[in-house]
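Here's a quick walk through one annotated site and the ligand shell that goes with this entry. Have the model open while you read.

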Amino acid sequence: MTADPARATLIDGKAFAAGLVERVAAASARLESAHGVKPGLAVVIVGEDPASQIYVRNKGETTQRAGMRSDTHRLPAETPQDELLALIAALNGDAGIHGILVQLPLPGHIDSAAVLGAIDPDKDVDGFHVVNAGRLAVGLPGLVPCTPLGCLMLLKSELGDLSGLNAVIVGRSNIVGKPMAQLLLGESCTVTIAHSRTRDLPALCRTADILVAAVGRAEMIRADWIRPGATVIDVGINRVPSRDPMKAAQGKTRVVGDVAFDEAAAVAGRITPVPGGVGPMTIACLLANTYTAACRAAGVAPEPLDA
Ligand SMILES: NC(=O)C1=CN([C@@H]2O[C@H](COP(=O)(O)OP(=O)(O)OC[C@H]3O[C@@H](n4cnc5c(N)ncnc54)[C@H](OP(=O)(O)O)[C@@H]3O)[C@@H](O)[C@H]2O)C=CC1
Ligand SMILES: Nc1nc(=O)c2c([nH]1)NC[C@@H]1CN(c3ccc(C(=O)N[C@@H](CCC(=O)O)C(=O)O)cc3)C=[N+]21
């Protein structure tokens, strides 16, 4: 038998998220007893996107655990945009609802930008409204997108001060890549954003002390793209056929990240697994944002939620 190569430390997002949910639950209970405000989240789902089902289920369970109110509005796929906008207007005006999340992607006949733009920015717990993107860009308090916020919490808890580190983010979406870059810039990292037109992506990735993969391509990032000792955050959630050919033939799938985990773990210093890494942090941060929004609506300073 050959000795195991050095293995990266696993960053346990699931455990970190469970702790964060507990802190949110405790802080929410204190907000309710001291000020009579119970944080309320409204989730709006239009149509049936099978990939989103797990997210929706995990979200519902976790919100319950945090002792928050959570309403789910399920609308048929053919819902006219006007009707969706009318629901958002009603939720904007509902004092018991502090957070509104419209599940993406929306059906093709709906203008997603118009829908996201209709959410009251102070209830926009996804942080997708242009006002919140602008606040993040200029360093004003707002609501920060949950996935990058969760990644940042993991990085700070693992590495402490991030200043001066080289961060490479692969992916430039408005919901992950760009806000991730803003947050790391805010921590004084030297930030590079890569995308599908980037030249020599492997060489660029090798410059990273912090490598964030948010691409949506199963196991694209290989071991030889990773600087030995680097911290790797894998945002990707990709469904691939089950390893067992019998199960695969029955259409069974498993979830993998954007990083080839097994080989990457032999090179990286620290790495998040998929599942059990960034995903649970996204949900915990959604609840944290709902708590923050409820505090601000009540004119109360939110308690710090850091570990
Ligand atoms: N864990 C979680 O909580 C969450 C996970 N996700 C997952 O994260 C991943 C990314 O999501 P999202 O940001 O919404 O995805 P998008 O599809 O919106 O963006 C993907 C980005 O990756 C870039 N890209 C695609 N192919 C390549 C390539 N071959 N080389 C370099 N860059 C490439 C694209 O570049 P270009 O702009 O040039 O097209 C784009 O900027 C997905 O797997 C998604 O499922 C998303 C949200 C939450
Ligand atoms: N308005 C909106 N906001 C979102 O934040 C949003 C969205 N729409 N649409 C879909 C994507 C995807 N997303 C995930 C969140 C958590 C997990 C998650 O908890 N994953 C677990 C389980 C994975 C599994 O086993 O399938 C894990 O990684 O361990 C996955 C995916 C949020 N998204």
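What follows covers the record, two of its residues and the ligand shell.

## Ground rules

This is a predicted model, so local features need pLDDT of at least 70 and side-chain atom pairs pLDDT 80 or more, while totals for chains, interfaces and linings use all residues. Residues are numbered from 1 along each chain as its sequence is written, and chains are lettered from A and ligands numbered from 1 in the order written.

## What the record says

An unreviewed UniProt entry puts a "binding site" at Gly 171, Arg 172, Ser 173 and Ile 237. UniProt positions use the numbering here, feature names are shortened, and annotations may be inferred rather than shown by experiment.

## Gly 171 and Ser 173

Gly 171 sits in the loop between strand E5 (166–170) and helix H7 (177–186), and Ser 173 lies in the loop between E5 and H7 too. Helices (H or I, at least four residues) and strands (E, at least two) are DSSP runs, numbered from the N terminus.

Buried or exposed? Gly 171 counts as buried because it has 23 C-beta neighbours inside 10 Å, whereas Ser 173, with 16 other C-beta atoms within 10 Å, is partly exposed. The cut-offs are 20 or more other C-beta atoms within 10 Å for buried, 12 or fewer for exposed, and partly exposed in between, with C-beta atoms placed from the backbone.

## Around ligand 1

The shell of ligand 1 holds 25 residues, the closest being Ser 173, His 195, Ser 196, Gly 216 and Thr 282; "near" means a C-beta atom, placed from the backbone, within 6 Å. Helix H11 (residues 278–298) gives the largest share, three residues.
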